[in-house]
Amino acid sequence: MDLTLQVWRQDGPTTSGRFETYAAPGISEDMSFLEMLDVVNERLAADGKEPITFDHDCREGICGTCSLMINGKAHGPERGTATCQLHMRKFNDGDTIVIEPWRATAFPIIKDLMVDRSAFDRIVEAGGYITVAAGSAPDANLIPVPKPVADAAMDAAACIGCGACVAACPNSAAQLFTSAKVAHLNLLPQGQSERYARTEAMVDTMEQYFGSCTNHGECQEACPKEIPIDFIATMNKDYLRAKLKNRRYLSRTP
Ligand code: FES
């Protein structure tokens, strides 16, 4: 495949950026999108030019670092697919592909296509933990969890924290990310002791950095793990309960 890339280049957080155009001939349709960028970077380096900076780690759809806006879509054209799992066969010979970093105030650009997503870390730090009695290992299955509850918790835990939900949202809201992180603990028996304190702390932290949800639903369309916005409704319900006067009582009930 012979492609043309229009890539956002930016030297640092405080400098202005610009699009640069690169020819990418001879790309195999079996390459992943990141492998295609590797090839382009090898050619740039061979020509004595600065390679394109982009984030990646696992390249298996697990770590969530491969945050690229491809032709205006977070993670590109394939639904439920992270950039690292996107293959070039999804594009056509002769295509021009526009590649940008996530666009959100809470995710400032570090360099080229790499952004700082540490605002997500602040949300997780605010409540992404449970209290357990330390000691010897408990017997297996000591706490029964109904199968539908376990399944829902696992669906929420599938969030890889990539930030596509924020990048796709017109408000740069982080409700889908936060609700997934809240739900995977709030749904399980082990997460009950901090359920309402967790929800309040994580939502309040989220609101320091991100915009508000107005139900566009773009987040669930962009999510590479197809996490549904139902979790946002669940989080909002728990947040409301957390704010009630009798929260002390509620914090002791599932
Ligand atoms: S590089 Fe880890 S999810 Fe894409």
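Select strand E3, residues 69-70, together with E5. In this predicted model, the two strands pair in the antiparallel sense over two bridges. Show the side chains of Ile 70 and Ile 99. Ile 70 stands opposite Ile 99 in E5.

**The rest of the sheet**

Five strands form an open sheet, and their order is E2-E1-E5-E3-E4. The pairing is mixed. Colour the edges: these are strand E2 (18-24) and strand E4 (73-74). Each edge strand pairs on one side only.

Move to strand E1, residues 3-9. Its partner here is strand E5, residues 96-100, and the two run parallel. How many bridges join E1 to E5? Four bridges do. Pick out two of the residue pairs. Thr 4 has Thr 96 in E5 as its bridge partner. Gln 6 stands opposite Val 98 in E5. While the strands are on screen, recall a general point: in a regular strand the side chains alternate between the two faces of the sheet.

**Helix H1**

Next, select helix H1, residues 33-46.

Which residues of H1 are buried? Phe 33, Met 36, Leu 37 and Val 40 are. Look down the axis. These four cover an arc of only 95° around it, which puts them on the same side of H1.

Then step just past the end of the helix. Gly 48 takes a positive phi of about 75° there.

**The two domains**

Zoom out and colour by domain. Domain 1 covers 3-111 and domain 2 covers 118-250. The C-alpha centres of the two domains lie 30 Å apart. Select the contacts between them: 17 residues of domain 1 are in contact with 15 residues of domain 2. Stay on the domain 1 side. Its residues that touch domain 2 divide into nine nonpolar, seven polar and one charged.

**A loop residue, Gln 192**

Go to Gln 192. It is found in the loop between helix H5 (175-186) and helix H6 (195-209). Is Gln 192 buried, exposed or partly exposed? Gln 192 is partly exposed, because 18 other C-beta atoms lie within 10 Å, and a buried residue would need 20 or more. The C-alpha atoms of Gln 192 and Thr 131 are separated by 9.3 Å. Along the chain, these two residues are 61 residues apart.

**The whole chain**

Finish with everything shown. The secondary structure comes to nine helices and seven strands. Along the principal axes, the C-alpha atoms fill a box of roughly 65 × 40 × 35 Å. Colour by burial: of the 254 residues in the chain, 37% are buried. Residues 24 or more positions apart account for 70% of them.

Technical notes:
Residues are numbered from 1 along each chain as its sequence is written. This is a predicted model: local features need pLDDT of at least 70, side-chain atom pairs count only at pLDDT 80 or more; totals for chains, interfaces and linings use all residues. Two strands pair if DSSP finds at least two bridges between them. A residue is buried if 20 or more other C-beta atoms lie within 10 Å of its own, exposed if 12 or fewer, and partly exposed in between; C-beta atoms are placed from the backbone. The arc is that of the directions from the helix axis to the C-beta atoms. Two residues are in contact if their C-beta atoms, placed from the backbone, lie within 7 Å. Domain bounds come from an automatic or database domain assignment. Ala, Val, Leu, Ile, Met, Phe, Trp, Tyr, Cys and Pro count as nonpolar, Asp, Glu, Lys and Arg as charged, and the others, Gly among them, as polar.
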